[in-house]
Amino acid sequence: MSAKAISEQTGKEFLYKHICTSVAVQNRFRYANVTSETDWDRLTQDHPWLLTERLVVKPDQLIKCRGKLGLVGVDLDLVGVQEWLKPRLMRETTVAKAKGILKNFLIEPFVAHTQEEEFYICIYATREGDHVLFHHEGGVDVGDVDAKAQRLLVGVDDKLSEDSLEEQLFAHVPADKKEVLVSFVVGLFNLYEDLYFTYLEINPLVVTQDGVFVLDMAAKIDATADYICKAKWGDVEFPPPFGREAYPEEAYIADLDAKSGASLKLTILNPLGRIWTMVAGGGASVVYSDTICDLGGVDELANYGEYSGAPSEQQTYDYAKTILSLMTREKHHEGGHLLSMSIHTFYNAVAIKDYQGPLKENEVTIFVRRGGPNYQEGLRVMGEVGKTTGIPIHVFGTETHMTAIVGMALGHQPIPNQPPVAAHTANFLLNSSTNTPASTRTASFSEPRAANDATSVKKPKAGATMLFSRNTKAIMWGMQTRAVQGMLDFDYVCSRDEPSVAAMVYPFTGDHKQKFYWGHKEILIPVYKNMADAMKKHPEVDVLISFASLRSAFDSTMETMQYPQIHTIAIIAEGIPEAQTRKLIKRADENGITIIGPATVGGIKPGCFKIGNTGGMLDNILASNLYRPGSVAYVSRSGGMSNELNNIVSHATDGVYEGVAIGGDRYPGSTFMDHVLRYQDTPGVKMIVMLGEIGGTEEYKICQGIKEGRITKPVVCWCIGTCATMFSSEVQFGHAGACANQAFETAVAKNQALRDAGAFVPKSFDELGDVIRTVYDELVANGTIVPAQEVPPPTVPMDYSWARELGLIRKPASFMTSICDERGQELIYAGMPITEVFKEEIGLGGVLGLLWFQRRLPRYACQFIEMCLMVTADHGPAVSGAHNTIVCARAGKDLISSLTSGLLTIGDRFGGALDAAAKQFSKAFDSGMLPMEFVNKMKKDGKLIMGIGHRVKSINNPDMRVQILKDFVKGHFPATPMLDYALDVEKITTSKKPNLILNVDGFIGVAFVDLLRMCGGFTRDEADEFVEIGALNGIFVLGRSMGFIGHYLDQKRLKQGLYRHPWDDISYVLPEHMSM
C-alpha cells in the first residue's frame, strides 16, 4: 500500500516546516492536540496563545465534511472549547456508514475573514502527472469542485510555472491576491513533490492582507518513499479510517512489513467475528473477502489480510501466530470460529500445532485451499496436522475452485468426504514419454503451425503485438538463481532450442559464471558486474527481468532503457515510490518499451517464454499445460491470481496463449488496454480474459474499446473488490492501487459498466470459470477454435532439494549438530533462543553450559565457570604460550596467527593439567584407593601427579587463585568428594615438600568433576564422558585466549620490533672439532 492518509496536524507540520515561498504563512505551528488524557494546565503552558486568542476546535480523525456535520467549534475562548468538547470527546458518532469514537481533537487560532478571502486548492496524482485544482470560492459550501474548479495538469517531470497558474487557474482571482496565490501555490506544489505527497487539499485557503492562512487540510503521502523522505518526515503515524480502531496487532504486522521486502498486511474489521482469513496473495485475499461478503458473511468477517512476495519462514510463522492469537482470544457465543485459509508455507502448520489447545477450545474449523508451488506436499502436511492435533482441517487443492471453501465454511455447500486428489508432484516428473520435437509445439495449440514461423528476434515497433517468442533472450538483474533455474526448466519442457536467460547482472560481485541445469546437463551462464558489459556481449537480448530491490529498481531500470536493444522490462519489486514509477513509464513510452510491473510476478507465453517465477514450479507448469500454447489470453493485476487463472483457463479451455500480470501498484508500467489490444491483434488469441479490481479507471477503457468496435474478440471480465461497498469504513486492500476514491472506481460499478458494454461478466468470481467455459464452447462450436491433439512434454529431472522435500529420496547429512540452530528468525543455543539467553541473564557461564554441555546449568555452576575463566586468563609473559604469542606478534603476524602460536603450546607440560588431573584423581577415587596409596603408587610407577606442584607457590605462600575458588566451591557446591580427596593428597605431598600443593589446574580439574557429578544435571556416564573428551582443557584454552590476545594487543600498542633472542642467553654447545 503506497498512498496513506495522514492527520491534519501531521500535514500542517510538514507544510510549516518545509514550504518555500516568499508569502507570509501565518499561524505556523500554532495548533494544540487534545485527547481524553490531556492535562489542560500543561497544555496552556506549552501553548500560551490558547489563553489569549479566539479559537477553532475540530476532530482530527480523517473525517470529511466536518463543518457540515457540525463537528467544528468556531470563534470560542478556551472555556468555550472545553464546554464544546464535553458532549463530543470520547463519544460515539456516526459519519456516513461508519460509527466511531471521537477521541482526537485539534485546536487552532480562529481567523476572522470574509467569504471573498476563501479559496480552494487541491493537488493530486494521476498516471499522466499531477492535477492542480483551484476555485476562487472556497469553504464549507464549495460544492462539487470536480465540476466547478479550474484544472491544470503538470506532466511527469515538468515544473509548475507561474504563467500557467495565472492564465489557467487564477482568472477569477482579485488582482491584489494573484501574486500572493501564485507564490504560495508554486511553493505548495514543490513541497508536494519533494515530500512525496499523492494528495493535498486545503479548503479553505484564506488570503488576507496579513498573508496566507491554511485553515483545513487533508493529505496523503506515498508511504513507500519513507527511505527517501525519512529525514524530513520523521516518524509518521498513519491513523486508521474513522470508525475503525487501531490495534497493536496491526502495528506489529505493519512493522514486519516495513522490515521485509515481502508484503504483510492486516486490518481487523471485527475482532468478535467468526470468520478469519489468512490468505497468500494480494489479489486472492480480495477474492476471498468478496466471496465471504457475497455469501452473507460480511458481519462475521473478522479481518482482511494478506501475505505475499516470498516472506521468510519466520515472518510467515509470526503472521500466522498473530491471526491465531486474535481469533482464539474470545470464544464466540455461537460456538466457534471459522478460518478460511490459502496456505503459503509449511510454517502455518507449525503455528497451528503451537495453538492447538486454544483452537480446540474455541471449536475452530479450518478450511485450506492451496495452489502454487509444491502445493500437494503442503496439503499433505496440513492434513497430517489435522489428524495429529484433532482439529477439523479440510484440505483442497487446485481440483477445487479456490473460493469453494468459503461456501463450505458458511454451510452453503456440503464438505466432500474425500476430495479429488490431483496427481502427486513426483508423477509429473516421471513421464515415460520420449522427448517431443520442438517443431510440434510452436504455433497456437488450436491452429496449424505456420510454415515460416519466426526464427529471428528483432526489436518490435511501438504497439507491436508480440512481446515474446520462442527465441526471446533475457538478462536477469539480480542473483535470483532459483528464478533462473525455473525459467530454464520451462524452456526445456517447451522444447526450446536454447535457454531464454543469456546472462545475469549483479553489481555486488565481479564477473563470473554461474552453474545451472539444462535438462540433464549442467551449463554456465555469465554474470556481469555492470549492465553495459552484459548488453555489449549479448546483443540478441531484448528483455530485462529486474529483481532489483525497491531502492535500486528505479536507477537500474532507467539505466536499462538507455540500450535500444531492450523492448520489454519486467520489474518485480514491490514498494517503488509512485513518483519514480511515473518517471519510468514516461521514459518507456518515449523509447517504445513495454514495462510489466512493478509489483508483479511477470507474465508467461506458453511454449515460448516465462518471466522469473511466473506459473510457479514445474508441477504447476505441467498441470496447467503451460508448456504449449492454447487459445485464451489473459491480463490480471495480481500475480498470485494469474496463477489461479492459469488453473481456471486450463480446466475450462484448451489452455493459455499468453498471460500477463501488470502489477498491483496504482500506476502499472503497462495497462489492461495495452495488452488487450495486443491480444485483439494476435491471430492465435481467440478469446480474452481480464481480471480487474477495485480502484482506478482502466477497466472503462475496455468498455470504450468494445463499444467502439476496436475490441471484437470475446472478452470475459471480472473486477475483484466488490466487498468494499459493504464495509462501514474504508479498507486499503493488499495492492497499492486497490482503493476506490470515487463511486465509479468501485468493483461493482466497473463490473456493471463492462456488462453493459458487452463483455461477458459473471455474477461472482465463483462463476468465472463457468463463463469462460461457456464462451470457449461456443467458439469451438462455431469453428473459431479447433482443439488440437494433446502432445506430452519431455521429462525434466527433479532437483535434489525438491525431491528431498517431497520425501522421495534420502541422503545422510555431512554434518550433525545438536548445540546451535541459526536457520530461523532467531539464533538458538541448545534449544534456548538468544533473546531468552539475555532475558534470563545466564551470563557467559550459562552460554558455555548450553554450547559445551547442552544443559541449562545452575546459577552457581555458571558463576564457577566464569571464575575459572578469570583466574586462568593470564599468568604473565614468561610462560611458553604467552611467550610464543609475543614473538609472533613482534614478527608482524596478525592476531589469529599470534593467538594460534600461543595455543599450540598447550599440552601436558603447559596448561593441559586440568584434564589429566581430573582423570588421575577420578580413577584413584573411584577405585577406592586411599590418598596415601595413590601417592605411593604414582611414585612407584615413576609418574607425576598432575595438578600437584607449583614453581613459586607453597603451603606457606598459598596461591590466592586457588583460595578464591576453594571458598566459592565449599560455599556453593552441594558436595565435594573429589576435591576433599585431592586436598587429602595435598596434605601428604606438602609434608614431603612444601611446594607440592594442589595448583590452580588441579583444583579446577577436580572441582569440575564434582560439579558434573553432583549438580544433578548429568548422569555418571555423561559426567565421565565430558572429562574423557577433553572438555575441561577447554576452560584453560578459552580463559588463556583472553590473556594471549591481551599480550598481542600490548605488543602492537607498544610498537615492539622483531624479537631476536640475545646471544648471551644461549649456551652454544658444539662438537670439539667444530669449535676449534
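Biologist: In this predicted model, how do the residues of the lining of the second largest pocket divide into nonpolar, polar and charged?

Modeller: The pocket has a volume of about 1,100 Å³. Its lining is made up of 32 residues, and those closest to the centre include Ile948, His950 and Arg951. By class, the lining residues come to nine charged, nine polar and 14 nonpolar.

Biologist: Which element gives the most to the lining of the second largest pocket?

Modeller: The elements that give two or more residues are helix H33 (931–941), helix H35 (977–992), helix H36 (1000–1014) and helix H38 (1031–1053). Within that group the top contribution is three residues, and it comes from H33.

Biologist: In what order do the seven strands form an open sheet?

Modeller: The edge strands, which pair on one side only, are strand E22 (512–518) and strand E26 (594–596). From one strand to the next the twist averages 25 degrees. The pairing is mixed, and the order reads E22-E23-E21-E20-E24-E25-E26.

Biologist: What is the bridge partner of Thr568 in E26?

Modeller: Strands of a sheet can pair in parallel or antiparallel fashion, through backbone hydrogen bonds. Strand E25 (residues 568–571) pairs with E26 in the parallel sense, over three bridges. In E26, the residue bridged to Thr568 is Thr594.

Biologist: How far apart do the end C-alpha atoms of residues 467–576 lie?

Modeller: UniProt, in an unreviewed entry, lists this span as "domain: CoA-binding". In the model the span is 29% strand and 25% helix. Its end C-alpha atoms are separated by 24 Å.

Biologist: Which residue in E34 is the bridge partner of Asp821?

Modeller: An open sheet of three strands has the order E33-E34-E35, with antiparallel pairing. Its edge strands are strand E33 (820–821) and strand E35 (832–833). E33 is joined by two bridges to strand E34 (residues 828–829). In E34, the partner of Asp821 is Ile828.

Biologist: Where does Pro204 lie, given the cis peptide bond that joins Asn203 and Pro204?

Modeller: Most peptide bonds are trans. The bond between Asn203 and Pro204 is cis, with omega about 0 degrees. Pro204 belongs to a strand spanning residues 197–208, namely E11.

Biologist: In which loop does Pro598 lie?

Modeller: The peptide bond from Gly597 to Pro598 is also cis, as is the one joining Asn203 and Pro204. Omega is near 0 degrees for the Gly597 to Pro598 bond. Pro598 sits in the loop between E26 and strand E27 (603–605).

Biologist: What is phi of Asp75, near which value?

Modeller: Most residues other than glycine have a negative phi. Asp75 is in strand E4 (residues 73–76). Its phi is positive, near 60 degrees.

Notes. Residues are numbered from 1 along each chain as its sequence is written. This is a predicted model: local features need pLDDT of at least 70, side-chain atom pairs count only at pLDDT 80 or more; totals for chains, interfaces and linings use all residues. Side-chain values use heavy atoms; hydrogens and water are left out. On a 1 Å grid over the protein atoms alone, a cavity is a set of points where a 1.4 Å probe fits but cannot get out, and a pocket is an open set with protein on both sides within 12 Å along at least five of seven lines; lining residues have an atom within 4 Å of a point. Grid points are joined across faces, edges and corners, and a volume is the space filled by probe spheres set on the points. Helices (H or I, at least four residues) and strands (E, at least two) are DSSP runs, numbered from the N terminus. Ala, Val, Leu, Ile, Met, Phe, Trp, Tyr, Cys and Pro count as nonpolar, Asp, Glu, Lys and Arg as charged, and the others, Gly among them, as polar. Two strands pair if DSSP finds at least two bridges between them. Axes are lines fitted to C-alpha atoms, for helices over the stretch in contact, and angles run from 0 to 180 degrees between N-to-C directions. UniProt positions are given in the numbering used here, feature names are shortened, and annotations may be inferred rather than shown by experiment.
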